[in-house]
Amino acid sequence: MDTLKKEERKIDVVVVGAGLAGLTAARKLHAAGVDVLVVEARDRVGGRTHTIQAHDGTPIDVGGQWIGPGQDRLAALATELDAKTFLTYDTGNNIEFYNAEPSVYSGALPMGDLEATMEIVERMLNLSMMAQEVPLEAPWTAPQAAAWDAQTVATWMEQNIISPRAQALIDLAVRSLFCVEPRELSLLHFLFYIHSAGNLNALIGVTGGAQESRFYEGAQSISNKMAAALGERVLLNTPIHSVIQENSSVRVAADALEVTAKRAILAIPPVLAGRLRYQPGMPALRDHLTQRMPMGTVFKIQCLYPAPFWRDEGLSGQVTNNDGMVSITFDNSPASGTPGVLLGFVEGEAARIWGERDASERQHAALYCLAGYFGEQAAHPTEYIEKYWATEEYSRGCYAGTMPPGVWTSFGRALREPVGRVHWAGTETATVWNGYMDGAVQSGERAAAEVLEALS
């Protein structure tokens with residue numbers, strides 16, 4: 001039997017992963033005159049941003065989609081690439097379901113239970129103030145790092161929040177941000193994440209917050225534009241399996257390709273980086289880190305209708321439910337308002353449970369939820385689209401890798417530290433807007449700067 005002969009390439013820098021982080025790094029290196037090659041496992045660029053077309057041609061983001069104030073790197077990149085944005089629909093009343101009972105409210109927080117609202121405001125302020133004590137470059141050096149990293153968010157909630165309704169709101173915030181349960185997340189990581197965005201309000205807000213705006217052509221258009229400019233320097237359908245370091249080079253190997261470079265940037269989630277084969281093996285600290293950064297679990301469900309009928313009823317399309325399959329919704333209609341699009345998230349434990357169910361059962365349950373929120377009309381979309389990121393071979397979850405208790409203080413220093421000729425990128429390595437598209441861009445810029453300094 002003939003053995004498949006590998007194509008061999010020599011390059012200055014090889015970048016693994018053509019998401020926002022990898023393409024940003026490659027773009028910076030190319031602009032500096034470095035010979036760079038990007039290898040991507042998927043048949044597309046964009047990583048955890050993925051824009052598809054609905055039957056009527058409407059761009060639908062089944063991955064990351066929002067940009068908000070303070071996300072300056074992503075905004076600058078979008079401006080440079082002429083990727084225009086529009087405001088997320090945020091007009092009208094929101095609905096909160098608490099223990100299956102609905103209440104309608106306007107503004108950032110439900111006001112039906114004033115005692116619970118006052119407590120949630122106070123605890124959100126407490127968390128944001130605690131977060132300011134966490135150094136973004138080295139969270140493990142925070143004055144209370146050991147105590148905060150030794151407990152989960154759930155433990156902190158039990159000790160510090162009295163009202164069950166306030167507990168439910170923080171619980172929902174954690175699931176919506178990380179797609180894990182509060183019992184699974186380190187308090188230190190939660191505080192670091194808050195600080196990386198500025199404050200908790202910035203993370204959960206629409207107008208003035210992280211969900212403020214969307215891209216006309218979809219978020220993947222940014223990666224598409226960067227890849228188009230790089231041209232043949234981006235190779236798709238090339239999953240690598242090995243990274244071999246030698247005295248003066250690093251080799252990245254796929255089934256049909258082997259690239260020899262002076263430096264390599266791995267712009268993939270830590271959990272996926274941990275599945276590659278390394279020669280020599282990764283240092284123990286780095287390897288154990290990648291064993292301990294699981295991805296979140298989430299379904300992103302979108303339903304299309306001839307028009308956003310909920311707006312006629314004075315509703316924003318935003319619903320929260322502490323006990324529903326679909327725990328949070330948004331109006332995800334295009335800027336024109338037609339078609340109407342409802343976006344719903346199934347997150348954390350609920351996503352893990354429903355991921356084991358039949359697709360038709362899942363769709364029926366999701367539409368049942370939406371009908372309970374917006375009326376019978378919501379049960380009859382013209383098109384139903386869902387994306388389960390946990391089954392994506394080259395993501396294995398979304399939105400990002402998370403830190404359970406003990407990880408930051410024991411292994412965090414290995415997150416960004418280069419290993420020989422191998423550098424790390426990806427939103428998990430960002431210090432500002434960690435877990436977001438903006439964080440991915442920051443990580444690509446930082447990795448490119450490291451490589452340029454090493455090459456010089």
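Among contacts in the protein chain between residues at least 6 apart in sequence, what percentage join residues at least 24 apart? The answer is 73%, where contact means heavy atoms within 4.5 Å.

Before going on, a word on the source. This is a predicted model, in which local features need pLDDT of at least 70, side-chain atom pairs count only at pLDDT 80 or more, and totals for chains, interfaces and linings use all residues. Residues are numbered from 1 along each chain as its sequence is written, and side-chain values use heavy atoms, with hydrogens and water left out.

Let me begin with the whole chain. The protein chain has 16 helices and 20 strands. Helices (H or I, at least four residues) and strands (E, at least two) are DSSP runs, numbered from the N terminus. For 456 residues, a compact globule would have a radius of gyration near 23 Å, and the 22 Å of the protein chain agrees with that. The radius is taken over C-alpha atoms, and the globule rule is 2.2 Å times the number of residues to the power 0.38. Along the principal axes, the C-alpha atoms fill a box of roughly 65 × 55 × 45 Å.

Next, the surface. The accessible surface of the protein chain is about 18,400 Å², and 51% of that belongs to carbon and sulfur atoms. These areas come from the Shrake-Rupley method with a 1.4 Å probe; for residues, only the protein chains shown count as cover. Of the 456 residues, 61% are buried. Buried means under 20% relative accessible area, exposed means over 50%, and partly exposed is in between (1.4 Å probe, protein chains only).

Now some individual elements. How many of the eleven residues of helix α7 (residues 187–197) are buried? The count is eleven of eleven, among them H189, Y193 and H195. The buried residues of α7 pack against several helices, including α3 (114–131), α6 (164–178) and α15 (407–411).

In the loop between α6 and α7 sits C179. Its phi is near 60°, a positive value in a residue other than glycine. C179 counts as buried, because its relative accessibility is 0%. N237 also has a positive phi, near 55°, and lies in the loop between β10 (234–235) and β11 (240–245). Is N237 buried or exposed? N237 counts as exposed, because its relative accessibility is 53%.

Why point these out? Most residues other than glycine have a negative phi, and most peptide bonds are trans. P280 is in the loop between β14 (277–279) and α11 (284–290). The peptide bond from C398 to Y399 is cis too, with omega near 5°, and Y399 lies in the loop between β19 and α15.

That brings us to strand β19 (residues 383–388). Five of its six residues are buried, so β19 is largely enclosed by the rest of the structure. Strand β15 (residues 298–305) pairs with β19 in the antiparallel sense over six bridges, and C303 stands opposite Y384 in β19. Two strands pair if DSSP finds at least two bridges between them.

Strand β17 (residues 328–331) is covered on both faces: I328 and F330 are buried on one side, T329 and D331 on the other. Which strands does β17 pair with? One is β16 (residues 315–321), antiparallel over two bridges, with V319 and T329 as bridge partners. β16 and β17 form a hairpin with six residues between them. Another is β18 (residues 340–347), joined to β17 by four bridges and also antiparallel; there, F345 is the bridge partner of I328.

A further sheet is open and has three antiparallel strands in the order β5-β9-β6. Its edge strands are β5 (66–67) and β6 (85–87), each pairing on one side only. Three bridges join β6 to β9 (residues 213–215), and R214 in β9 is the bridge partner of F86.

Last, a pair of residues separated in sequence. D72 belongs to helix α2 (residues 72–80) and is exposed, with a relative accessible area of 55%. D72 and D438 are 366 residues apart in sequence, and their C-alpha atoms are 7.4 Å apart in space.
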